[in-house]
Amino acid sequence: MFGSKKKLNDLMAQLRPDLSRESLGVGPDFPGIAPNPLLSRDAWKRNAELRTGTLALGVLVDWREVNSNPRVVLMLDVETAGGISFRGIADEDLTITELTRLAPGQTLPVRYRPAVMDHYVALARDADPARVRQLSDEIASRKRT
């Protein structure tokens with residue numbers, strides 16, 4: 001591929017202003033949304049790491065459709081078991097049924113990479129419901145105190 005990653009990310013923001021760092025609500029350290037994650041080595045590596053990442057809870061803020069697969073970018077306010085809060089971005093392929101069930105304020109289990117903390121998260125579709133409830137209780141008890 002020609003050009004630097006910075007130029008590619010700037011190009012994506014120019015093509016889709018709704019996917020810019022500012023529009024997504026993340027800082028300048030966010031690497032950006034890959035135009036095609038299937039062709040991006042970084043996206044492949046990131047997604048593999050996220051599948052084994054640490055469980056957290058994300059409250060859905062908004063989403064943007066990237067294409068009609070439907071590939072969507074979900075913006076979530078994430079809360080970790082350790083008390084860290086951040087804006088998380090999940091780049092996901094959803095079914096039409098999953099897409100129609102999205103609602104702002106919905107709490108979803110996500111996985112993140114604590115060592116990287118680059119705003120990327122992934123939906124934790126494989127998460128044990130008992131562990132998700134336990135995590136939810138931990139976060140709620142911390143907020144009460």
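pLDDT is the predictor's confidence in each residue, on a scale from 0 to 100. For this protein chain the mean pLDDT is 87, and 91% of the residues reach 70 or more. This is a predicted model, in which local features need pLDDT of at least 70 and side-chain atom pairs count only at pLDDT 80 or more, while totals for chains, interfaces and linings use all residues. Residues are numbered from 1 along each chain as its sequence is written, and side-chain values use heavy atoms, with hydrogens and water left out.

Here are the two ends of the confidence range among the elements, which are DSSP runs (helices H or I, at least four residues; strands E, at least two) numbered from the N terminus.

| Element | Mean pLDDT |
|---|---|
| Helix α1 (residues 5-15), lowest | 63 |
| β4, highest | 97 |

Now to the interior. A nonpolar core is a set of buried (under 20% relative accessible area, 1.4 Å probe, protein chains only) Ala, Val, Leu, Ile, Met, Phe, Trp, Tyr and Cys residues joined through side-chain atoms within 4.5 Å. The largest one has 16 residues, and Val-110 is among those with the most contacts inside it. Two or more residues come from each of β1 (54-67), β2 (71-80), β3 (85-93), β4 (107-112) and β5 (120-123), with β2 giving the most, 4 residues. Apart from this core lies another, of 12 residues, including Leu-24 and Ile-89.

Technical notes: Buried < 20%, exposed > 50% of the residue type's maximum accessible area, 1.4 Å probe, protein only.
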